[in-house]
Amino acid sequence: MAAILPPVTEGNRRAILAAFLANLGISVAKFVAFLATGSASMLAESVHSVADTGNQGLLFLGAARARRAPDAEHPFGYGHERYFWAFVVALVLFSLGAIFSAGEGIAKLRNPHPLDSPGWAIGVLLAAIILESWSFNTARREANKVRGGRSWWGFMRHAKSPELPVVLAEDLGALIGLVLALLGVSLAATTGDSRYDAMASIGIGVLLGVIAVVLAVEMKSLLIGESAGPKHLTEIRSAIETTPRVLRLIHLRTLHLGPDELLVAGKVEMEASLEFAQVAAVINAIEANVRARAPMAAMIYIEPDIHLTQPRPPDAAPTRAT
């Protein structure tokens, strides 16, 4: 079996760590500003940053648990742990972030009260924007190294590694949320109407809800199981079909066991004159070729079969060939 790639790349770790440190500092500062001002949007942003800090911890937890070696109960390993904990991140964003922020905003909209010392909130929000921008730029730089020519939306939709899309979505949502909170606090301080602050809190809740739903849908797809991307499929197919004494690839199935691990299964027609030992040698050659072209192919299963050139009659006995 080929060496399995590391569960989390150094770039992913840098992005997660930057987001963790930024959100930890921001959450403390926001909560202090909330105590000084009583701002609903500031409280919403405090909870948002606390949730984001916990989310980065969950991503680290998923990466650590994914490193466990395969065992009798999980013979294909624990790579899906990274997808599971990224899905939990989406649930945390929705429950702690979206619902709380929207609920707090509605409560303050019904029972408005003037803000105290809004300058505190504005100062903290401006500092938070600077820190969050640093975190977002770190994640963006790391994503640029792996997204190739894909658009940002395409990268978010089709990336097999969950960490960078999650951090990017969280950081982008945090920046937009900070701008909403700054706008709400500024308008409330200028006009004396605290309902602007409450509406900003509701807007933050809606924003977090949208991000949570997008992340949950993407992580659900990865949890169910996705095939290799077009580039890897082409490489694997070519590696099999160009192996000596292989006549054709009848069909190919791939499945991501984790972001950097692929299960490859295929039915292959070989020369009919081959003896058993020769068939085994061809299978070994196929595996070597596939791993040379696609190192993430951690497990490969090849089944010799016969390609049917004529369709079977309806009453014919079933065969294993497809």
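1. How do helix 2 and helix 7 stand to each other, roughly parallel or roughly perpendicular? The model is predicted, with local features needing pLDDT of at least 70 and side-chain atom pairs counting only at pLDDT 80 or more, while totals for chains, interfaces and linings use all residues. Residues are numbered from 1 along each chain as its sequence is written, and side-chain values use heavy atoms, with hydrogens and water left out.

2. Helix 2 (residues 40-66) packs against helix 7 (residues 195-224) at an angle of about 25°, the axes being 7 Å apart. The two are therefore roughly parallel to each other. Angles under 35 degrees count as roughly parallel, over 145 as roughly antiparallel, 65 to 115 as roughly perpendicular and the rest as oblique. Axes are lines fitted to C-alpha atoms, for helices over the stretch in contact, and angles run from 0 to 180 degrees between N-to-C directions. Helices (H or I, at least four residues) and strands (E, at least two) are DSSP runs, numbered from the N terminus.

3. On the helix 2 side, this contact (heavy atoms within 4.5 Å) uses Ala40, Ser41, Met42, Ala44, Glu45 and His48. Helix 7 brings Asp197, Ala198, Ala200, Ser201, Ile204 and Leu208. By class there are seven nonpolar, three polar and two charged residues. Ala, Val, Leu, Ile, Met, Phe, Trp, Tyr, Cys and Pro count as nonpolar, Asp, Glu, Lys and Arg as charged, and the others, Gly among them, as polar.

4. Helix 2 also meets helix 6 (residues 163-191): their axes come within 10 Å and cross at roughly 170°. This pair is therefore roughly antiparallel. The contact divides into seven nonpolar, six polar and four charged residues.

5. Three strands form an open sheet in the order 1-2-3, with mixed pairing. Strand 1 (246-258) and strand 3 (297-304) are at the edges with a single partner strand each, so one side of each has no neighbour in the sheet. The twist from one strand to the next averages 15°. Two strands pair if DSSP finds at least two bridges between them.

6. Strand 1 and strand 2 run antiparallel and are joined by ten bridges, with a hairpin of two residues linking them. Threonine 254 has valine 264 in strand 2 as its bridge partner. Strand 2 (residues 261-270) pairs with strand 3 in the parallel sense over seven bridges, and leucine 263 stands opposite methionine 299 in strand 3. Helix 9 (residues 276-293) lies across strand 1, strand 2 and strand 3, at about 150° to strand 3.

7. The second largest pocket is lined by 13 residues, with Trp153, Met156, Leu168, Ala169 and Leu172 nearest its centre. Here a pocket is an open set of points on a 1 Å grid over the protein atoms alone, where a 1.4 Å probe fits, with protein on both sides within 12 Å along at least five of seven lines; lining residues have an atom within 4 Å of a point. Helix 6 gives the largest share of this lining, five residues. The lining comprises eleven nonpolar, one polar and one charged residue.
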